[in-house]
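Take a look at the structure, then go through the points by topic.

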Amino acid sequence: MAPSTSSAITLNINNKKYTLPVDHRTTLLDALREQLDLTGTKKGCDQGQCGACTVLVDGRRAVSCLQLAVAAEGREITTIEGVADGERLHPVQQAFLDLDGYQCGYCTPGQICSAIAVIEEHAAGWPSAVTDDVRSEAGPPPLTAEEIRERMSGNLCRCGAYVSIVQAVARAAGAQVPAEPDSGPPRSGAQGSGTGSDTEEVAA
Amino acid sequence: MKEFGYDRAHDVQGAVALLGGDPEARFLGGGTNLVDLMKAGVERPTRLVDVRELPLGRIEFSPEDGLRIGATVTNSELAAHPEVRRHYPALAQAVLAGASGQLRNMATVGGNLLQRTRCGYFTDLTKPCNKRTPGSGCPAIEGEHHNHAVLGASEHCVATHPSDMAVALTALDAVVAYESADGPGELPLSDLYLPVGDTPHLETALPAGALITAVTLPAAPVAATSRYRKVRERASYAFAIGSVAAALDVQGDVVRDVRLAFGAVASRPWRATTAERLLTGGPVSAEAFAAAADAELAAARPLPHNGYKVTLMRNLVVAVLTELAEEAAR
């Protein structure tokens, strides 16, 4: 007997449950855009090479164009529509606005979702390909511009707004870190826990 | 894309039974390569068996037994693991050198080993390809092959294996554990990939319908002084044009132990056994490193546009072993 090629699934997106029928061929990206009207997530290459479709799956950034919707059932999905706290922008969104971290804006939702995860990955002590010493006893690497560029390399920007994007990620990362004692409280709405002075280097 | 059925497996034997040895069914891990190939029409499965929820997501380490990596561990989890970074730094570096943060979060260790070549002819249905359609020919040999194999290739296929992770695993004597309809089994990673010969479409020695369940690395103090270095055509997020995974133990001015593997030069990660034999017990010097690399690369048969790889690999070997010798002397 031929297997069924579609299913009724429930997706948990931005803390809301959506039940929908999907052809198994449907990617999470197409389900978001075409079936759920969550069009903030953008389709760029549709081949996992540009990062425009980046969303968070169980808190980790992923490209939704290579994620089958049926395989995303049971996982917590966060899209660009779900990163702000009500009317208050996420610190990464605010930093992109303040520092012009875009030109046309098409790659921006993916850039922002990716950057949110980059800051959390760095805070968790993850090394990168440009980290001098990956050994755990070497401690977390400072979040230099070189580290940000490497960690954000899965998000292409054809306008070439990279200089401002790096600055925006650095500022947002700094906002999550308790600053010098006399420089005021961390930015309101900051998430997660920082790792101390190691992000100050680029935030300064 | 062709329509397909979808099942989610919850235990290992159940996953193998669901696949049922059906040659038109595929296991789905992170999907970062398989889904892309399905969109291109290169892979046309009639059913997918999702293995992401199998209880194979753990990394275990002990100084006596070494490292055991569950097959569904993501590349990110592997590279971030403290014991991996401490005892096998070349493995963490190799994983971090591959793909992007998004893809490493999705891709699994088992799937990484079984990813397909990125040869442009393989993924272009309008072109012949002996790997995709046996007997149709290999246009790369007369065509675009600047990033194709220089070692172990044949007149039937010159594609390379794209994994960075597998190069480090090969240098560090990894063993692949699998489950098949006949029960569990093991294969040294160096035996997983079949020689190209005249059957480039036959890629691995896994039994039909088998599922990789884990990769193990033996305890190896030499691995604590190890390194992965990758050369590519842009600074990040590109496949290698050449890479080296190496581990080195020196005593005074003598090489006591060495592990060496090359990436992006063959249809599989290339363990440089000839070079290892020459280096072991020999002097710690750039001349000795270069002589060993030359001996290994004597088997190279470059095509008109990839001869640079022979020089590149020689220089990479000398650079990486020199850096490791300096590190070992500290």
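Strand β1(B) is joined by 4 bridges to strand β3 (residues 47-50) of chain B, and the two run parallel. Helices (H or I, at least four residues) and strands (E, at least two) are DSSP runs, numbered from the N terminus, and two strands pair if DSSP finds at least two bridges between them. This is a predicted model: local features need pLDDT of at least 70, side-chain atom pairs count only at pLDDT 80 or more, and totals for chains, interfaces and linings use all residues. Residues are numbered from 1 along each chain as its sequence is written, while chains are lettered from A and ligands numbered from 1 in the order in which they are written.

**Parallel sheet in chain B**

- Opposite B:Asp7 stands B:Val49 in β3(B).
- The open sheet has 3 strands in the order β1-β3-β2 (chain B), with parallel pairing.
- β1 (5-8) and β2 (25-28) of chain B are at the edges with a single partner strand each, so one side of each has no neighbour in the sheet.
- From one strand to the next, the twist averages 20°.

**Hairpin in chain B**

- Strands β6 (residues 175-180) and β7 (residues 183-188) of chain B run antiparallel and are joined by 6 bridges.
- There are 2 residues between β6(B) and β7(B), which form a hairpin.
- B:Tyr178 has B:Gly185 in β7(B) as its bridge partner.

**Helix packing in chain A**

- Helices α2 (residues 91-98) and α3 (residues 108-123) of chain A pack at an angle of about 130°, their axes 9 Å apart; axes are lines fitted to C-alpha atoms, for helices over the stretch in contact, and angles run from 0 to 180 degrees between N-to-C directions.
- This makes α2(A) oblique to α3(A) (angles under 35 degrees count as roughly parallel, over 145 as roughly antiparallel, 65 to 115 as roughly perpendicular and the rest as oblique).
- The contact (C-beta atoms, placed from the backbone, within 7 Å) involves A:Val92, A:Gln93 and A:Phe96 of α2(A) with A:Thr108, A:Ile112, A:Ala115 and A:Ile116 of α3(A).

**Positive phi values**

- Most residues other than glycine have a negative phi.
- A:Asp37, in the loop between α1 (28-35) and β3 (54-57) of chain A, has a positive phi near 60°.
- A:Asp37 counts as exposed because it has 8 C-beta neighbours inside 10 Å (20 or more within 10 Å means buried, 12 or fewer exposed, and in between partly exposed, with C-beta atoms placed from the backbone).
- B:Ala264 has a positive phi near 70° and counts as buried, with 28 C-beta neighbours inside 10 Å.

How values were computed: Two residues are in contact if their C-beta atoms, placed from the backbone, lie within 7 Å.
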